[in-house]
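Student: I have a model open and want to go through it with you. Can we start with the annotation?

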Amino acid sequence: MNAVSQVVALSQRNEAIVVDGLTRRFGNGPAVLDQLNLAIAPGEFVALLGRSGSGKSTLLRTLAGLDPVTEGSVIRPRDVSVVFQESRLLPWKRVWQNTVLGLPGANQRAHALSVLEEVGLGHRVDAWPLTLSGGEAQRAALARALVREPAFLMLDEPFAALDALTRLKMQKLISELWGRHRCSVLLVTHDVDEALMLADRAVVMEHGQIHTDLPIPMDRPRRHTDPRFEHLRRVLLESLGVYDD
Amino acid sequence: MSGTLIRSSSPTRDKGLIRHAPLSRFGLLKRYVSPMLLVLLWQVACSTGLLSTHVVASPFQIALTGWTLVKDGTLQTNLLVSLARAGVGLGIAFVAGVGLALIAGLSRLGEDIVDAPVQILRTLPALALVPLFILWFGIGETPKIALVALGASFPIYLNLHKGIRSIDPKLLEMARTLGLTRTSTIRDVILPGALPDLLIGLRFAVGISWLMLVVAEQVNAESGIGHMMMDAEDFLRTDIILVGLVIYGLLGLISDQIVRFFETILLSWRPSHRAARSA
Ligand SMILES: Nc1ncnc2c1ncn2[C@@H]1O[C@H](COP(=O)(O)OP(=O)(O)OP(=O)(O)O)[C@@H](O)[C@H]1O
Ligand SMILES: [Mg+2]
């Protein structure tokens with residue numbers, strides 16, 4: 001029941017994430033991850049794109065220690081947090097109890113309250129999770145991830161199930177939170193605009209490898225109207241196999 | 001135009017409201033009209049001699065007999081004996097069922113050891129064990145309690161075991177990423193997640209324990225509601241038998257309500273329960 005699989009090495013001094021020659025296959029099938037290399041600098045925000053089934057979640061689960069490393073190596077900080085597409089809150093614990101679940105120490109409620117306040121959920125601290133809206137539930141999941149002060153935050157399509165308006169708000173929230181916490185972030189997304197609004201770098205997976213590695217050198221806050229945005233958008237879409245004339 | 005619209009729509013809505021309240025109250029009453037008519041018919045049939053009291057006593061006679069049995073204390077004494085048997089048996093079943101389900105649900109080895117024998121045993125009709133139990137335990141309290149305990153422990157075991165095994169794997173995965181200890185995972189994730197199933201099992205168990213008791217007390221007993229009914233049979237006292245039936249019915253109803261009450265308290269996190277309580 002250890003959070004960290006034995007085969008994931010922990011980076012001590014610099015909190016960088018280094019994936020080296022990672023290969024993963026299910027059964028006798030083809031390699032889902034095939035000699036994959038990826039490095040994320042401390043405090044860097046990386047967006048991970050790729051068509052459905054390209055192995056994004058598999059990579060993330062390996063980084064989270066949920067899947068074993070059988071071939072290749074993974075180095076990552078000890079304190080990591082994951083937010084999935086579904087909030088995965090325990091329905092029988094109130095929102096604040098969910099956020100601080102498993103944390104040691106006294107005065108947990110106050111601790112939870114301050115984080116929930118930070119993600120804009122201060123008014124729902126005592127609610128049951130099943131009564132939350134989709135956006136609220138993801139805020140709670142985000143609070144639960146942040147309260148652990150991770151050096152590395154992994155987000156697997158966290159806003160995919162939300163409506164467009166809520167998604168924009170959540171992107172803004174992520175951007176603010178990252179500005180304050182400065183942890184490394186790996187965001188899996190299908191939304192090219194989302195990647196360009198948030199990330200320092202966008203990487204695209206294909207055939208089990210990082211196929212495109214695109215720096216996004218725009219200042220924040222970013223605007224869709226930025227001419228560079230339009231250019232990067234086209235590059236990224238092309239690397240995903242979408243061409244518009 | 002719009003003025004007419006508003007004027008024409010609001011009076012109809014008011015009328016609807018006014019008519020609605022007495023309608024629903026009448027609706028509630030309506031549910032009891034047919035049973036009450038049946039009881040009345042029954043009484044008439046007995047009074048006119050259409051139904052012999054050797055076949056069935058009249059409702060009035062049953063009420064009267066019930067009152068007499070309460071006054072001389074027969075009913076209370078036997079009821080207490082029956083309640084004690086059911087309570088102790090159910091208690092044993094709860095401990096055994098929960099214990100075994102935890103062993104089988106929380107460890108692979110435990111599952112291998114416990115589950116197969118239980119699955120085989122449960123296919124036996126528990127009532128077929130009555131003669132064996134009397135041979136083993138004599139005619140005292142033990143065989144009756146054992147029978148209740150045996151019958152009631154299966155639904156508790158089966159439901160809790162199923163509940164533990166069917167916890168959302170995504171939640172278990174979340175527990176891993178949060179670094180929860182094994183103890184915390186069991187306490188905070190597995191047990192609360194399986195609680196709804198345990199309560200369903202408990203409701204079945206309560207029903208079965210009354211069934212077991214009825215049989216155990218009628219086959220071989222010196223006291224209890226079942227014994228009271230068997231005694232009455234010797235004297236053709238259908239009124240006493242029917243009082244016993246009424247008591248069994250009430251016991252089943254009340255105990256089911258008690259478990260339901262626990263459900264609303266313990267599962268208040270479920271939206272359906274909250275809605276039911278506020279309504
Ligand atoms: N437990 C598993 N057993 C067998 N195959 C699996 C398993 N998990 C994933 N796969 C396969 O690995 C491949 C990559 O899956 P993965 O979930 O990583 O894709 P993804 O890039 O996250 O896709 P999506 O964008 O749709 O979420 C898929 O072909 C999938 O069928
Ligand atoms: Mg995925």
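Student: Where does UniProt place the feature "domain: ABC transmembrane type-1" in chain B?
Tutor: The unreviewed UniProt entry puts it at residues 79-259 of chain B; positions follow the numbering used here, feature names are shortened, and annotations may be inferred rather than shown by experiment. This is a predicted model, where local features need pLDDT of at least 70, side-chain atom pairs count only at pLDDT 80 or more, and totals for chains, interfaces and linings use all residues. Residues are numbered from 1 along each chain as its sequence is written, chains are lettered from A and ligands numbered from 1 in the order written, and side-chain values use heavy atoms, without hydrogens and water.

Student: How much helix and strand is in 79-259 of chain B?
Tutor: That stretch is 85% helix and 0% strand, with its end C-alpha atoms 20 Å apart. Helices are DSSP runs of H or I, at least four residues, and strands are runs of E, at least two, numbered from the N terminus.

Student: And how many helices in chain B as a whole?
Tutor: Chain B has 11 helices and 0 strands.

Student: How much of chain B is buried?
Tutor: Buried residues are 39% of its 279, buried being under 20% relative accessible area (1.4 Å probe, protein chains only).

Student: Switching to ligand 1. Which helix gives the most to its shell?
Tutor: Helix α1 (residues 56-64) of chain A, with 3 residues.

Student: What does an oxygen atom of ligand 1 meet at Ser57(A)?
Tutor: An N or O atom in the side chain of Ser57(A), at 2.7 Å; a polar backbone atom of Gly53(A) is 2.8 Å from a ligand 1 oxygen.

How values were computed: A polar contact is a pair of N or O atoms within 3.5 Å; within protein, one must be able to donate a hydrogen and the other to accept it, and residues adjacent in sequence count only if both atoms are side-chain atoms. Buried means under 20% relative accessible area, exposed over 50%, partly exposed in between (1.4 Å probe, protein chains only).
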